[in-house]
Amino acid sequence: MNTHLDNSIANRGTLTSERSGVLAAAGLALALGLSLVFTTGFAHPSALHNAAHDTRHALGFPCH
Amino acid sequence: MISRVLAAGLLAGLLAGLAIAVLQAFTTTPLILEAESFEGGHGHDHAQSLTAASALLQHAVLKTAANGAALIEIHSAEDAGMWMPEDGLERTVFTSIANVGTAIGFALVLLAGMLLAGDRITETTAIGWAAAGFVATGLSPSLGLSPELPGMPAADLVSRQAWWLATALCTAAALWLILRSEHGWAKALGVLVLLAPHIWGAPHLEGHAESAVPAHLAAQFTGASLAVHASLWALSGFFVGFWWRRLAPASA
């Protein structure tokens, strides 16, 4: 998307889209990322807790 | 843009999570298993003490005599039917999956932060962000709530989780103010926000509760846990930068 704007900077590995596209992608990544960490680190259902038990302890997330 | 973010986050988390699963297998997991052997009588997850084992065995034998069921009653006797992975390969597999999930989460949060800040995303810059991530989710919370082994007494779980989350958020916001703000007053505010959760204080039990876990195990575990946590962030950051650059759209 919007390749005319960012071809010049794409090669440097920097942002490759216009600001609104960046914000949408960043918002989605933030929501997904936090949900994942919550699920593995904090969610209470016992099956999730037991499956992720050793990881929670190893990373210092409050467990039990 | 969205597919590049998701692909970089997934690949980075997969590689970092698997690598850290190997590290855990040699550092934290043996300590967790050893601590669980002191946990007997708690009726807790994965309890492996001799007393607990013999009690369970007795239970299983009784069950067998009463209803003809086999030894499958052992776990339900301890955990009221809760599923848990079997020790050994199954437990390792689920721990690895949880690691990969956490690492993908860290990688996506890292990407989100760097995109919102408008930073260039390379291995070097992403590792810098990962260092801040470690301070926010590892170092700062550990000052109030030391990484704990199974069998160590602790305050109510929900209150500890709430303090942990608040501390991680405050620390992340404080680091942003201190490191990225131009204004002196904002940096000063950052220092206050950094200290606030520790001045408030983490939830702890009243007095000195007895721990079933020997002190040297607990001390080893705290160090190992922080090292594992730092390594998970560092590798997530490195692979975020690596994949972000390689997934750049082909330019004309």
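In the predicted model, 55 residues of chain B are in contact with 41 residues of chain A, two residues being in contact if their C-beta atoms, placed from the backbone, lie within 7 Å. On the side of chain B that touches chain A, at least two residues each are supplied by α1 (2-26), α2 (28-36), α5 (89-117), α6 (123-144), α7 (157-180) and α9 (215-246) of chain B. Helices (H or I, at least four residues) and strands (E, at least two) are DSSP runs, numbered from the N terminus. The largest share of this side, 15 residues, comes from α5(B). By residue class, the side of chain B that touches chain A divides into 33 nonpolar, 17 polar and five charged residues; Ala, Val, Leu, Ile, Met, Phe, Trp, Tyr, Cys and Pro count as nonpolar, Asp, Glu, Lys and Arg as charged, and the others, Gly among them, as polar.

Residues are numbered from 1 along each chain as its sequence is written, and chains are lettered from A and ligands numbered from 1 in the order in which they are written. As this is a predicted model, local features need pLDDT of at least 70 and side-chain atom pairs count only at pLDDT 80 or more, whereas totals for chains, interfaces and linings use all residues.

The secondary structure of chain A comes to four helices and zero strands. Within chain A, confidence is lowest in helix α1 (residues 3-10), at a mean of 52, and highest in α4(A), at 95.

An unreviewed UniProt entry lists residues 21-43 of chain A as "transmembrane region"; such annotations may be inferred rather than shown by experiment, feature names are shortened, and positions are given in the numbering used here. Over residues 21-43 the chain is 91% helix and 0% strand, with the end C-alpha atoms 31 Å apart. Helix α2(A) has 23 residues and reaches 32 Å from its first C-alpha to its last, close to the expected 33 Å (1.5 Å times one less than the number of residues). The buried residues of α2(A), among them A:A25, A:G33 and A:T40, pack against α4 (53-58) of chain A together with α1 and α5 of chain B. A:A25 counts as buried because 22 other C-beta atoms lie within 10 Å. Not counting residues up to four places away in sequence, A:A25 touches B:M1, B:I2, B:V5 and B:L115.

In chain B, α1(B) has 25 residues and reaches 36 Å from its first C-alpha to its last. Its buried residues include B:V5, B:A8, B:G9 and B:Q24, and their cover includes α2 and α4 of chain A together with α2, α5 and α9 of chain B.

Definitions and conventions
Buried ≥ 20, exposed ≤ 12 C-beta atoms within 10 Å, placed from the backbone. pLDDT = per-residue confidence, 0-100.
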